[in-house]
Amino acid sequence: MIYKTHHVAALIGAESLLIHTHQPVLTWQTAVALLGAYFAGPAADVDQPQSYVGQRIWPLAIALSGLGIRHRTLTHSLLLLAGLWGVLQLLPVSDVIRWAIWIGYASHPLIDLFNEEGVELLWPLRIRVRLLPRFLSIPVESFAETLLRGVMTLCSFWLLTLYLHPDVTQLPLLGPITDGIIRLMPSAIQTFINK
């Protein structure tokens with residue numbers, strides 16, 4: 001998948017975490033958590049020098065390539081996810097920031113499991129894992145990926161609305177607009193939002 005899809009997947013993970021932990025909206029921790037997840041989402045593609053991330057962090061991309069690290073192996077593995085969690089424990093930040101960054105990064109191999117190439121989750125074992133049979137898989141930069149990204153973007157906006165709802169309703173102009181939009185939604189969704 002391309003970096004845009006990974007950005008959206010990471011934001012969905014971070015927004016879900018913030019809602020689950022009842023993180024206050026207007027705090028620096030919330031901002032760092034969202035930004036950390038956003039940038040962590042596509043980071044696993046640093047193993048491919050021609051990728052969006054590989055072009056921006058080219059010294060690391062070239063070093064990984066020079067070491068013989070193939071695409072969707074080490075940087076997409078459970079081993080690296082465990083190592084990343086250990087490194088995040090060393091940072092002097094709150095747990096919600098650690099989790100958001102980790103979830104953002106972890107969303108990358110998860111989304112790539114829908115691609116026909118799959119991911120070597122158990123690297124260094126050379127076993128490719130994918131969630132869909134090849135004929136249903138989502139090729140990179142295809143219409144199916146664009147459609148998936150569109151659906152995920154809608155989910156992200158919906159989660160953002162859920163997250164911001166109590167604070168937005170307090171704002172002079174946006175409060176009535178938000179309430180009006182929520183009233184247009186099916187009653188089951190209204191009940192869920194107003195919990």
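## Order of the elements

From the N terminus on, the elements of the chain run α-α-α-α-α-α-α-α-α. The model, which is predicted, thus contains nine helices and zero strands.

## The chain as a whole

The chain has 195 residues, and 40% of them count as buried. Its accessible surface comes to about 10900 Å². Carbon and sulfur atoms account for 71% of that surface.

Among the contacts in the chain with a separation of 6 or more, 62% are between residues 24 or more positions apart.

## Thr5 and its setting

Thr5 is located in helix α1, which spans residues 3-20. This residue counts as buried because its relative accessibility is 0%, and the cut-off for that class is under 20%.

In sequence, Thr5 and Gly41 are 36 residues apart. In space, the C-alpha atoms of Thr5 and Gly41 are separated by 8.8 Å.

## Contacts of Thr5

When residues up to four places away in sequence are not counted, Thr5 touches Ile111, Glu145, Arg149 and Met152.

Two of these partners also take part in polar contacts with the side chain of Thr5.

Key: Residues numbered from 1 in each chain as written. Predicted model: local features only at pLDDT ≥ 70, side-chain atom pairs only at ≥ 80, totals over all residues. Heavy atoms only, no water. Helix = DSSP H or I, 4+ residues; strand = E, 2+ residues; numbered from the N terminus. Buried < 20%, exposed > 50% of the residue type's maximum accessible area, 1.4 Å probe, protein only. Contact = heavy atoms within 4.5 Å. Areas by Shrake-Rupley, 256 points an atom, 1.4 Å probe, with all protein chains shown as cover. Polar contact = N/O pair within 3.5 Å; in protein donor to acceptor, adjacent residues only side chain to side chain.
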